[in-house]
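This report describes selected parts of one protein chain. Please keep the sequence and the structure in view while reading.

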Amino acid sequence: MGTTRSFLLLKNRGFTREELEHCSALRSEERPNRPAVEIFSQFLNSNFVRQMPPETQELMRQMDKSGQDNRAVIAFQPGARWLPYFETWLCDGNIVSSEDLQEVSAQFGTAVLAFAVFDSDILFISYCDAEQQVFYDFVKPNYPEIEEYDTEIYQEGLPAFLLSLDKEDNVQQMGDLQRLKDIWDEEDMVFADDRMHNILQFLGMQVICDENDIPESFTRIGG
């Protein structure tokens with residue numbers, strides 16, 4: 001996995017393929033205003049950069065994402081409770097909070113869940129239901145001394161809300177709660193990536209890393 005990456009899921013509210021294709025196309029067409037990236041792109045075409053060694057120029061161009069398409073891809077399966085979702089500007093190189101998920105939640109008309117990993121040392125979990133105005137942001141650093149995150153946004157407690165995502169009555173089974181706590185508090189977990197995958201496996205969810213990473217039995221939409 002990348003050192004910083006987010007993994008998104010859309011709650012399947014009974015989507016039709018046509019609905020998802022429409023929403024995915026809209027998301028792909030929208031490009032965020034990124035003036036800093038545009039300035040960097042202009043810098044790459046300057047005489048100063050042209051005088052650098054070819055290998056240095058190539059390395060700098062690899063850092064330039066200004067020409068990268070804003071791909072929005074959904075892994076669709078009618079019976080799946082949560083649908084893996086990938087969008088270039090949200091997932092590739094970013095850590096998204098519940099605030100960042102509001103637009104996606106509103107446009108798709110459903111809740112959005114995000115897992116993010118920073119440098120394999122910190123796991124972030126965020127949730128947004130724009131219609132219900134429900135927001136969650138949790139963080140789990142592998143080591144207590146790690147403080148590379150906004151403590152005003154993320155809380156370190158157990159994200160017990162995960163157990164209620166698919167339960168209309170919001171009843172949490174004590175056995176499930178203990179299992180989630182065991183995974184969350186596992187002290188021997190070396191990588192935040194492993195903690196994320198264990199939680200996903202426990203919840204029966206799948207995520208995708210990029211637009212080509214479609215799980216078996218799922219259909220790709222968009223891109």
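Predicted model: local features only at pLDDT ≥ 70, side-chain atom pairs only at ≥ 80, totals over all residues.

## The two sides of helix α1

On one side of helix α1, E18 and E29 are exposed. L20, C23, S24 and R27 of α1, by contrast, are buried. Viewed down the axis of α1, the buried residues fall within an arc of 100 degrees, and therefore they line one face of the helix.

Helix α1 covers residues 17-29, a run of 13 residues. From its first C-alpha to its last it reaches 18 Å, close to the 18 Å expected at 1.5 Å a residue.

## What covers the buried face

Which elements cover the buried residues of α1? They include the strands β2 (72-76), β3 and β7 (219-222), together with the helices α5 (88-91) and α6 (102-108).

## Strand β1 and its partners

Strand β1, formed by residues 4-11, is mostly covered, with seven of its eight residues buried. It runs antiparallel to strand β4 (residues 112-118), to which seven bridges join it. Within this pairing, F7 stands opposite F115 of β4.

Strand β1 is also joined to strand β3 (residues 82-87) by four bridges, and these two strands run antiparallel as well. Here L9 stands opposite P84 of β3.

## Confidence in the model

The average pLDDT of the chain is 81, and 75% of the residues score at least 70. Over residues 32-39, however, pLDDT stays under 50. For that segment the model has five contacts beyond four places in sequence.

Definitions and conventions:
Residues numbered from 1 in each chain as written. Heavy atoms only, no water. Buried < 20%, exposed > 50% of the residue type's maximum accessible area, 1.4 Å probe, protein only. Pairing = 2+ DSSP bridges. pLDDT = per-residue confidence, 0-100. Contact = heavy atoms within 4.5 Å. Expected span 1.5 Å × (residues − 1). Arc of directions from axis to C-beta.
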